[in-house]
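I begin with the strands and then turn to a pair of helices.

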Amino acid sequence: MHRLPRRSVSAVIRGAAVRYRPISSSSIAFDHHPSGDETQKRWFSVLINGSSHGIASIKPYNLKDEPVLGCRHESTAAASDSSAPSAEKFEYQAEVSRLMDLIVNSLYSNKEVFLRELISNASDALDKLRFLAVTEPGLLKDAVDLDIRIQTDKDNGIITITDTGIGMTRQELVDCLGTIAQSGTAKFLKALKDSKDAGADSNLIGQFGVGFYSAFLVSERVEVSTKSPKSDKQYVWEGEANSSSYSIREETDPAKLIPRGTRLTLHLKHDDKGFAHPERIEKLIKNYSLFVSFPIYTWQEKGYTKEVEVDEDPADASKDGQDGKTEKKKKTKTVVERYWDWELLNETQPIWLRNPKEVTTEEYNEFYKKTFNEYLEPLASSHFTTEGEVEFRSVLYVPSITPTGNDDIVNPKTKNIRLYVKRVFISDDFDGELFPRYLSFIKGVVDSNDLPLNVSREILQESRIVRIMRKRLVRKAFDMILGITLSDNRDDYVKFWENFGKHLKLGCIEDRENHKRIAPLLRFFSSQSEEEMISLDEYVENMKSDQKDIYYIAADSISSARNTPFLEKLVEKDMEVLFLVDPIDEVAIQNLKAYKDKNFVDISKEDLNLGDQNEEKEKEIKQEFGQTCDWIKKRLGDKVASVQISNRLSSSPCVLASGKFGWSANMERLMKSQAVGDPSRLEFMRSRRVFEINPDHPIIKTLNTVSKTNPNDEEAMRAIDLLYDTALISSGFTPESPAQLGGKIYEMMSMALLSKWGDGDGFQQQMNTHTPQVPETVEAEVVVNEPAEAGHTNK
């Protein structure tokens, strides 16, 4: 509910029946009158109920003879038409006819931009007047405020847009509204035709450059009444949507004269009369033109509350009369009185045009919530002005949470960045032109004076200005995120990483130019920090003095990474290993390749170098187990590329390492799970597998003995098969036949149990005595240590 302004009280009291009231004295326009005493007259627009055209004439008021407020004046248009000169008809230039046909039938998919176009034209006219008035002060002799006023008649479907700008002469009407010599529309038409011939997207983002003709998107007839301060006469341009001609005539009706500027009257089409609702107009202005540098007023219905007396019920009155002691009180009720008045819509200066030192954090947060319909405060904000070869202003924000659905990482088309050109809203529908996909969660506004007003998608993609803007916006976004990492509240970045960590990992893949900015922002769990994520800087700081590489292991969970056999030797050496448990982690790290001259090394790949090689000892081990390696390779055949002595195992008998340039076990698992995966590509990229054995493990020592004494033993062959299948699982691979693997395990268990505990009582006693102390590897040792004995038993 609006509080009634003091300047409108008399209007409500003295003339409640009049629906539309004159403008306030603070924003009225004046015209010089020929008479000496009556030097000034007040002008205002009045909308008369029930008139045939909806918009009534403007009549002058004598400030001395009668009060301004509360008076009603009928139109004198009918009287003046009889003496008005006949209108002169003109034919549109051919290109303009083609342009209007394109606008009405195919070019615009969103009709509501017509108001933005016309308000922008009005703002340009005011700008031009202010610029010319610097050298020609006489242009402002009428002392009219520089503003834009919009009035609607929803009953008749009429919108009137009035500005007090430079106006146009008769010749300028012909040049600007009848030809394209002044507007560059011919180039626009040629570019549009070329893009269509090339099959390119001709959808305009800014949809500027066609200016005035966008009025025919919603209008069947348009009247332009304009008065230039350089001319003594006012002219009216009139055209229809489907006509090839227009007319120009001189305005002779005193009630319709304006001191300076242009008044557009749009007679809306039947299907578009909804645009004439004041609420609709207010919404469009706040969306597109809220930050235009000139005041925009709309004619709005308002109300105020007051107490009025009500008639008493006769029964209540008689009851009150019987009770003489009771003091009689008058009964009242609260009612709402309605009135119409001008309302300023853009009274606040855009926050990005203000000095950052004068804007408080609360103001930034309030602007963020209001602009992007958020209820939580942002994690960080950045307000900056870029100068030099490209100038623009911007305010950027890091949201607190991801949007509903969390699909921004998949769909780069967001409405998070609002682009303004000279404070006029252009679009918030982009496809990576201003921000890369992985930074699509950043929200904010960008205002540029360098971009052309006819911003098409092709211009955004090809413009050098846009490319420079993109680089600087990305740089500022990273500075803002880095500021969160340096915050005293560590939880702020934890919250950020939970919501947007995957976006930054995607940036490692898509944006090589910014690897140095992205890498310090990454966070991972590690073998020495399973509860709290660490940064790469923290890992490098904790590295051993002789450690040259950054080690990592990719797995599906922290538990799997912690228990992998690849980790055994590194844990013994107290070397930290990063746990990559997110599906995108491994690809992101592989694209980074290195950080601070430290290479990333996957500990599940072959040829792992831990920096502790002893060539003499390795030579002895190879001589000792060389025959065993060949024997195992012969048994496994093409399942493995080679069998080698491992330098990464301490407690496990064997492991399957991935090839240096192929997929790891984790990547192979992820690719198999893809719904549209290509099986042929999977086979092509499958890594060569290297079977590594631990020469210090009892199982391998036993097999080494068997390979020299009884290499053809059937049970030994089956033990090798079981070792391979078990290594597949422990190394992260998937067995080709889980059922067959289960059969082998059951068979080996049966053999071990029968050979060791053939007697039931002895079996139970053995279990009661040794089970708590026996480690998991003892059963595997039993399976392999007594194959010959089991074979002799069967014989």
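Which residue is the bridge partner of Val655 in S26? I looked it up in this predicted model and found Glu692 as the partner.

**Entry 1, the sheet.** I next traced the pairing of the strands. S25 and strand S26 (residues 690–693) run antiparallel and are joined by four bridges. I noted that the sheet is open and has three strands, ordered S24-S26-S25, with mixed pairing. Strand S24 (642–645) and strand S25 (654–657) are its edge strands, each pairing on one side only. From one strand to the next, I recorded an average twist of 30 degrees.

Helix H18 (residues 615–636) lies across S24 and S26, and its direction is at about 155 degrees to S24. Helix H22 (residues 714–730) also packs on the sheet, where it touches S25 and S26. The direction of H22 makes about 60 degrees with that of S25.

I turned to helix H12 (residues 490–510) and helix H17 (residues 585–592), whose axes come within 8 Å and cross at roughly 45 degrees. The two helices are therefore oblique to each other. I recorded the crossing of H12 past H17 as left-handed. On the H12 side, the contact is made by Lys505, Cys508 and Ile509. On the H17 side, I listed Asp585, Val587, Ala588, Asn591 and Leu592. Sorting the residues of this contact, I noted five nonpolar, one polar and two charged.

Conventions
Residues numbered from 1 in each chain as written. Predicted model: local features only at pLDDT ≥ 70, side-chain atom pairs only at ≥ 80, totals over all residues. Heavy atoms only, no water. Axes fitted to C-alpha atoms, helices over the stretch in contact; angles between N-to-C directions. Parallel < 35°, antiparallel > 145°, perpendicular 65-115°, else oblique. Left-handed = near helix turned anticlockwise from the far one by under 90°. Contact = heavy atoms within 4.5 Å. Nonpolar A, V, L, I, M, F, W, Y, C, P; charged D, E, K, R; others polar. Pairing = 2+ DSSP bridges.
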